[in-house]
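I went through it element by element and wrote down what I looked up.

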Amino acid sequence: MATSLLRVAPPEELLRPLAVPERLLLGPGPSNVPRRIQAAGGRQLLGHMHPEVLQVMDEIKAGIQYAFQTRNRLTLAISGSGHCAMEAALFNLLEQGDTVLVAVNGIWGQRAADIARRLGANVCELLKPPGKYFTPQDIEQGLVQHKPLVLFITHGESSTGVLQPLEGLGELCHRHGCLLLVDAVASLGGAPIFMDQQEIDVLYSGSQKVLNAPPGSAPISFSERAREKLLRRKTKPPSFYLDMGWLANYWGCDGEPRRYHHTAPINSFFSLREGLAMLAELGLESSWERHRANCTQLCQGLTDMGLELFVEEEKARLPTITTVRVPEGYDWKDITAFLMDNHGMEIAGGLGPTVGKVLRIGLMGCNSTSGNVARVLGALRDALKRCHRSRL
C-alpha cells in the first residue's frame, strides 16, 4: 500500500556500480591517497567516544605537534577541510569590532578577509601583487598603521605558488600587541615551519596535501597567547560547531573529562593518523628536502622547455605547488583537458587572481617524486605540440 504513494523512482545511476577512474593528481590538491592510508580509512567504524578512537585522536594530536613543531596543548584536528580550519581560527580569535590585518597576495588572503568581514571585524588589507611576498618592513608598516589584534598571512599561497618567509614575523607581531595567524594548508610538510620558534599563535593546515589523506580533517594549533585571548572573549564564538572551548574538551586539551560535542568523521581521523605517521617515519627534514629537490628539478625542466615561471625569485617558490605562465598561443583549458584525456593526469589552471594566467603543478607528499616530475614534463611537452591554438 505504501509503494503506491511513491512518486520518485529509484535513480538508475545508483543501481549501477560506482566507477572511479585512476588518475595521477598533480594539481594543487587533493593528492593521491597511498594504499596504506586508504586501508586505514576503510577500517571498521567505531563510536566517536570509544576509548580506541580517543586514543587515535591523542596520536593525531602528537603527530600534529611534530608536524607543526609545537608543544601547544590546544592542538587538534577540525572535522572539516582547510576552509573549516580558517573559519575556526577567525571565529574564535575575533569578536565584532576587533581589527584584523590581512596580508593579501592571493586568494587565501582574500577569503580570510571575507570571513572576517562576515564576523563584523574591522578588516584592513595589506596588498602585494600575485607572485610577490611580504617583507618584515611591509608587515611592520601595517602593524603601526592599523594596530590590529590579529595578523593573517598565508605561508603557502597555492593560487600563486608563493612561499611566504615567516622569520621574525611572530616577534614583530608580539612587539605590537598582535597575534600571528598563519595558513599552512599547502605548505605543511613540504617547507620548513617552526610554530614555537617562529612565535606563531595560530597555525592550521589540511589533510589532503602533503599528508596524502582524503580531504575532511584539518590540523590546527593555538599558542598560550592565543588560548588566553579565547578565554578573555566577551561573547561566545558565533559557531557552536567550531567553538574551540568545546573542541578542546573533546580532544582532551583542557584536562577535563571528555564530553560529546559532535559526531566526528572517525574514518577520516584514521586516515589522518596514518598520514601523520608516514610523515613521522620519513622525518620532517627528509620531507622538506625531497619537496625542495623535486621542485627544483621541475622548475629546471619547465624553463628548459621555454616556459616562464610565475614566481621570479627562487627562494619564494612554494616547493609543493609550482606556477608557470600559460604560454602565448595556448589556452590553459586546452592543456589541462589534454593531460586529463590523454595522460590520465591532473594539473590545474589559476585560481582567484591567477585565473587564465598560470598552470599549477602540485608535487605533494608521496606524489613528490622524481618519476612524477619526468611524467608531467613529458605530458606537457606532448600538450604543447598538440594544443597550440593554430592547430585547433
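I started in the loop between strand S1 (24-25) and helix H1 (35-41), where Pro30 is found. Helices (H or I, at least four residues) and strands (E, at least two) are DSSP runs here, numbered from the N terminus. The peptide bond from Gly29 to Pro30 is cis, with omega near 0°.

A note on conventions: this is a predicted model, in which local features need pLDDT of at least 70, side-chain atom pairs count only at pLDDT 80 or more, and totals for chains, interfaces and linings use all residues. Residues are numbered from 1 along each chain as its sequence is written, and side-chain values use heavy atoms, with hydrogens and water left out.

Next I looked at Lys147, in the loop between helix H5 (136-146) and strand S5 (150-154). Lys147 is not a glycine, yet has a positive phi of about 50°.

Then I turned to the chain as a whole. I counted 12 helices and 14 strands in its secondary structure. The radius of gyration (taken over C-alpha atoms) is 22 Å, close to the 21 Å that the globule rule (2.2 Å times the number of residues to the power 0.38) gives for 392 residues, so the chain is as compact as a globular protein of that length. Its C-alpha trace spans about 70 × 65 × 45 Å along the principal axes.

I checked the UniProt record too: its unreviewed entry places "domain: Aminotransferase class V" at residues 45-374. Such annotations may be inferred rather than shown by experiment. Over residues 45-374 I read 39% helix and 16% strand, with the end C-alpha atoms 39 Å apart.

On to helix pairs. Which angle do helix H2 and helix H9 make where they cross? The axes of H2 (residues 51-68) and H9 (residues 266-282) cross at roughly 40° and come within 9 Å; axes are lines fitted to C-alpha atoms, for helices over the stretch in contact, and angles run from 0 to 180 degrees between N-to-C directions. That makes H2 oblique to H9 (under 35 degrees is roughly parallel, over 145 roughly antiparallel, 65 to 115 roughly perpendicular, the rest oblique). H2 passes H9 in a left-handed crossing (the near helix is turned anticlockwise from the far one by less than a right angle; clockwise is right-handed). The contact (heavy atoms within 4.5 Å) includes Val53, Val56 and Ile60 of H2 and Phe269, Phe270 and Leu276 of H9. Its residues divide into 14 nonpolar, one polar and two charged. Ala, Val, Leu, Ile, Met, Phe, Trp, Tyr, Cys and Pro count as nonpolar, Asp, Glu, Lys and Arg as charged, and the others, Gly among them, as polar.

For helix H3 (residues 82-93) and helix H4 (residues 107-118), I found axes that come within 10 Å and cross at roughly 45°. H3 is therefore oblique to H4, and the crossing is right-handed. His83, Met86, Glu87, Leu90 and Phe91 in H3 meet Trp108, Arg111, Ala112, Ile115 and Ala116 in H4.

My last pair was helix H11 (residues 332-343) with helix H12 (residues 370-386), packed at about 115° with axes 10 Å apart. Their crossing is right-handed. By class, I listed seven nonpolar, one polar and three charged residues in this contact of H11 with H12.
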